[in-house]
Structure formats: structure tokens, C-alpha cells
Amino acid sequence: MSCKHIKPEGNMDNYSINTKCVQAGYTPGNGEPRQIPIIQSTTFKYDTSEDMGKLFDLEASGYFYTRLQNPTNDYVAAKIAALEGGSAAMLTSSGQAANFFALFNICEAGSHIVASSSIYGGTFNLIDVTLKKMGIEATFVDPDCTEEELNAAFKDNTRAVFGETIANPALTVLDIEKFANAAHAHGVPLIVDNTFPTPVNCRPIEWGADIVTHSTTKYMDGHGAAVGGAIVDSGNFDWMAHADKFPGLCTPDESYHGITYAEKFGKEGAFITKCTSQLMRDLGCIQSPQNAFILNLGLESLHVRMPRHVENGQAVAEFLEKQDKVEFVNYPGLPSNKYYETAKKYMPEGGCGVVSFELKGGREAAEKFMKNLKLAAIETHVADARTCCLNPATSTHRQMNDEQLKAAGIPAGLIRISCGLEDKKDLIADIAQALEAI
């Protein structure tokens, strides 16, 4: 079991995030590979049982089985920790696995979660359905609720608060400070999914978030090549100060030699060490070293790609807002958007390239629009180098009729478009000709 992932390799605190995207996490020695090596091995050899025993006791740094940790994964996790300004990080098999691990690492049967109601549907189901089956209840709050309404959602058994920086696909912007202040007033951490802005455009830890998660499948990878997730610990939450709420971190783990994580690894390393040595050990949601290698290639250009995604998203949103066939446009970068000021506060350089809009004419208009697009591909994916789009009424939510869609806040004519890295003039021209076909 390695402890290397507790602190990012090398000290790049004085460098900009642009430089960290390229070089953080891995520093080759003399004669070593310049690129992160892919350690495609399930297991690792040791000379004596005593050497391996020290790993199992978390007394030494090293690796013994890739299900728990792998050097390639740790290099990339260290880079993501540096980008977010965290003390420790780990990779998971998907963003959904990252959110599950982040919550389940501090929750158990009888626990309660406060979550924003405006989050990705898969994560909503994870919290509302699957975790409920495990005895973990949740209260969902409107992200625009008042401080009084937010505080009223907490219970004695609340153990975490969860939200998304920019919600997928609603594009609501979380008031991170408001949610962080409420969480800390009740002695629990704030977990923020930062997938859409990425740390290039928003660093939730700087605004009070304690744990940050990512679907690295999206902008971090950026090319639709590798599914993955990541969890970053800020290292700021004092678990021992709230030991009665977090026995998993603050009392001996008898399944791991009686170690008390918060005592042995401090607030900087306890969360990720427990998550690795306990949850990854038992549930095995690993990211393959090959996927981690591909992810790192994406991270190296993340700081270059995100401004173009934002530029294209802004241009497309401004164009759509002027079209007679469009009912409304939802994009936080528009001055008309209700989250414009909040987005400016937390993401002054812009958020992401995802835009949603409703076409007049409902389902029929949406189908004609989608059919006539030439550059934008119809996919369930978002946050890709290539522009992709989706009409929920005819795909992910096709089991619902128009009345049910409206009740769910997903009108039949809604289109979600993820603006890629193409020339914005070409994207606008493609959208314009598709609108003309309606």
C-alpha cells in the first residue's frame, strides 16, 4: 500500500495552474522516462514477507496490488491534487464511482446527506435510490434556497453536504460559500463535483469546499477516450474535531490492523487513505493504468482547451438568444441568466462550453433540428473536443410524454449542446442552417 498519493510529487505551489497542467504530479529522475510510465501490472514483487508486511500495516511506501494503488494512477492523481490545491487525491473507475466513494467514505447506515436538488440525474439516483437502500437518507434543497432554508435541512445525523459547481445538465451555479458555511456550521464537510468548470476555471477548495470530485471522462480527458473519476481532499477539514460524527476516520479500523486514520495520517491524508485502503480494497472501482495515462495526456492541454470551450459556448449562446425559433437559452455566461453574477464570482474566466436551449415547436422541431446538424454529433456525451448534442425527449427521457417532461423541467423542445474546439463561426453556421430547416 503506497502513501505516495497523500502528497503530490514535487512542490509546484509557486507555479501557475497552466504549468501544473503540464508538469505536476510526475518528475522524472536522471535517465528516467520523460512521459509518465504505464505500469501495466496487477502485482508487485518483494524480497521478503517482512517487506510486504510493512505495506499492509501502512508503515512503508510502496505497491502490492493495483486494485488498491498503481504508480501510474498515483502520478496522475497527484497532478489533479495540485490543480485543485488539495493535499491528497485518488483515481476511480468513473465519476459516478468517485461520488459514491466520497460520500460512502464518511456515511453509513443511519447517516443523512444534504444535497442540492440540481445535480446530474445519475448522481441524484445514487443518493436518492441506491444510498437509501443502504440506510443513508437524504434531503434535497433548491440550490437557490436561503441560508435559513439550507440550515433547516440539517439533522443530527447529517454527515455531508453535496453539490455540483455547474450542474449537469441544468447549468445551475452553486453558491459554494453559502453551502460551505452551512456545512461547517453543522460540523460536516462540503463535497463539490467540479466536473464542468475543471480546476482551470474554478477551484472550489478556495471557496470552502472540503472534498472535490470529478468525472475525468469529460473535459479532463477531453477526447472521449477514457472513462474515469477522481477524488481530491482539501486537507482542511478537521475530522478529530468532530470525531463523534466520523467514527470510520476517528476510531480504530479493525479491518485494517486497528489503525485510526485521522490520528495516523492527520487531516491531510486520512480521508484518501481510508478511501483507498478500505473502499477500494472492498469495492474495487479502479481506473486502469492505461486510462490514467490517457487522462494525463488530456490534462496536459486542459489549460489550453478550456478557454476555447468557453469562447465557443459563449458565442453559441449569444447567437441562440437572438433567434426567433428559440424559446429560451440557458448559459451562465449570458447577462440575462439568473446565475450570471454567481458565475462571475466563482468563475471569472467562464465556466464551460455546455449550452441548453428550448426550441419553439417542441419535440417535432427538436427532431428536425437534430436531423439537420452536420458538425454537431448526436451523443449522450458532453465536454468533448468535438461538439455533441442531445434532445432528452427523444433519447435519455424518451419514455416520458410531453406533460411528464414539462413536469420534470425538461421541455420536449430542449436541446443540450456541448461546444467543442471547432471554429465558433463554423458551429454557428451549422446551428443556423439546422434552425432554418425547422
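Predicted model: local features only at pLDDT ≥ 70, side-chain atom pairs only at ≥ 80, totals over all residues.
Mentor: Residues are numbered from 1 along each chain as its sequence is written, and side-chain values use heavy atoms, with hydrogens and water left out.

Trainee: What makes the radius of gyration of the protein chain agree with a compact globule?

Mentor: The radius is taken over C-alpha atoms, and the globule rule is 2.2 Å times the number of residues to the power 0.38. For 438 residues a compact globule would come near 22 Å, and the protein chain has 22 Å, so the two agree.

Trainee: How many of the residues are called buried, and on what grounds?

Mentor: Buried means under 20% relative accessible area, exposed over 50%, and partly exposed in between, using a 1.4 Å probe and protein chains only. By that cut-off, 56% of the 438 residues are buried.

Trainee: How do you know which domains the protein chain has?

Mentor: The bounds come from an automatic or database domain assignment, which gives domain 1 (20-290) and domain 2 (303-437). Their centres, taken over C-alpha atoms, are separated by 30 Å.

Trainee: What is in contact between domain 1 and domain 2?

Mentor: Contact means heavy atoms within 4.5 Å. On that test, 32 residues of domain 1 are in contact with 30 residues of domain 2.
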